[in-house]
Amino acid sequence: AVPAVDPHARWAISRSGDLGYLTGPVRNVRASRDGGKPRYSNYTSVWKRQRDGSFKVVMDVGINTPGPVSFAPGFTRAPQANRFTGDYDETTPPLGAADGLLNAEIRRDQARAYRPNLTTSARLHRPNTMPIVGDKRILQWLATQPAFATADTRYTEAARSGDLGYSWGTYSTKGARGATAGGFYVRVWVRERNGQWKLALDVLQPQ
């Protein structure tokens, strides 16, 4: 069956118009399996403008969810009140540094690591869990989660305007009985007026 992407999504694009992202709900009905019962998920895609002016997907990840994911009707721009409008200089922290610092801290304590890095409307996407929206709800949930065993940056890219970027890397966690699980993470970052990078969206995709 072909997944049905509902006409609802949250999106953002950089001031320079060369990088953006979308996230929204998906419903998949497989008549030959599960008795036609729908399965639900939430996709996240990062788009980059090409030399011919078209946009192409450079990163696409998703999570399965226990039920349908609610989004506002239509395509809604993600809020960002303190958007970066300055220029790069020697005081502007690179995206790779922000991603690496977060990875170092989540090996100790997830809630403490994410606390200074979240936008107020951030989204946390975790497998088989409904998306968690808003910094307060995210921190409450993270307080119940164990620290990561490992987390390593593999790639980062920022828009020319320096106000939006994404990163991806690998992670692993340890269960209560010592079993190790892992996979990939994808993060969408926005830079605020003070020059600091903040997380707009964070997705884990197990391997």
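1. A residue is called buried here when its relative accessible area is under 20%, exposed when it is over 50%, and partly exposed in between, with a 1.4 Å probe and protein chains only. By that rule Asn128, at 56% relative accessibility, counts as exposed. Asn128 is found in the loop between S7 and strand S8 (132-133), and it has a positive phi of about 60 degrees although it is not a glycine.

2. This is a predicted model, in which local features need pLDDT of at least 70 and side-chain atom pairs count only at pLDDT 80 or more, while totals for chains, interfaces and linings use all residues. Residues are numbered from 1 along each chain as its sequence is written, and side-chain values use heavy atoms, with hydrogens and water left out.

3. The secondary structure of the protein comes to three helices and twelve strands, where helices (H or I, at least four residues) and strands (E, at least two) are DSSP runs numbered from the N terminus. Of the 207 residues of the protein, 43% count as buried. Taking contact to mean heavy atoms within 4.5 Å, 58% of the contacts between residues at least 6 apart in sequence join residues at least 24 apart.

4. Helix H1 (residues 95-105) contains Asp99, and the buried residues of H1 are Leu95, Ala98, Asp99, Leu102 and Asn103. Seen down the axis of H1, these buried residues fall within an arc of 135 degrees, so they line one face of the helix; the arc is that of the directions from the helix axis to the C-beta atoms. What covers them includes helix H2 (110-114), strand S9 (150-158), strand S10 (164-174), strand S11 (180-191) and strand S12 (197-206).

5. Asp99 itself counts as buried because its relative accessibility is 0%. Leaving aside neighbours within four places in sequence, Asp99 is in contact with Thr153, Thr156, Ser167, Tyr185, Arg187 and Trp189.

6. Arg154 lies in strand S9 and, at 51% relative accessibility, counts as exposed. The C-alpha atoms of Arg154 and Asp99 are separated by 9.9 Å, the two residues being 55 residues apart along the chain. Not counting residues up to four places away in sequence, Arg154 touches Trp168, Gly169 and Thr170, and a polar contact of 3.5 Å joins the side chains of Arg154 and Thr170.

7. Asp163, found in the loop between S9 and S10, is buried, with a relative accessible area of 0%. The side chain of Asp163 makes a polar contact of 2.8 Å with the side chain of Arg83, and the side chain of Asp163 also reaches the backbone nitrogen of Arg15 at 3.0 Å. Leaving aside neighbours within four places in sequence, the residues in contact with Asp163 include Ser14, Gln80, Phe84 and Trp197.

Key:
A polar contact is a pair of N or O atoms within 3.5 Å; within protein, one must be able to donate a hydrogen and the other to accept it, and residues adjacent in sequence count only if both atoms are side-chain atoms.
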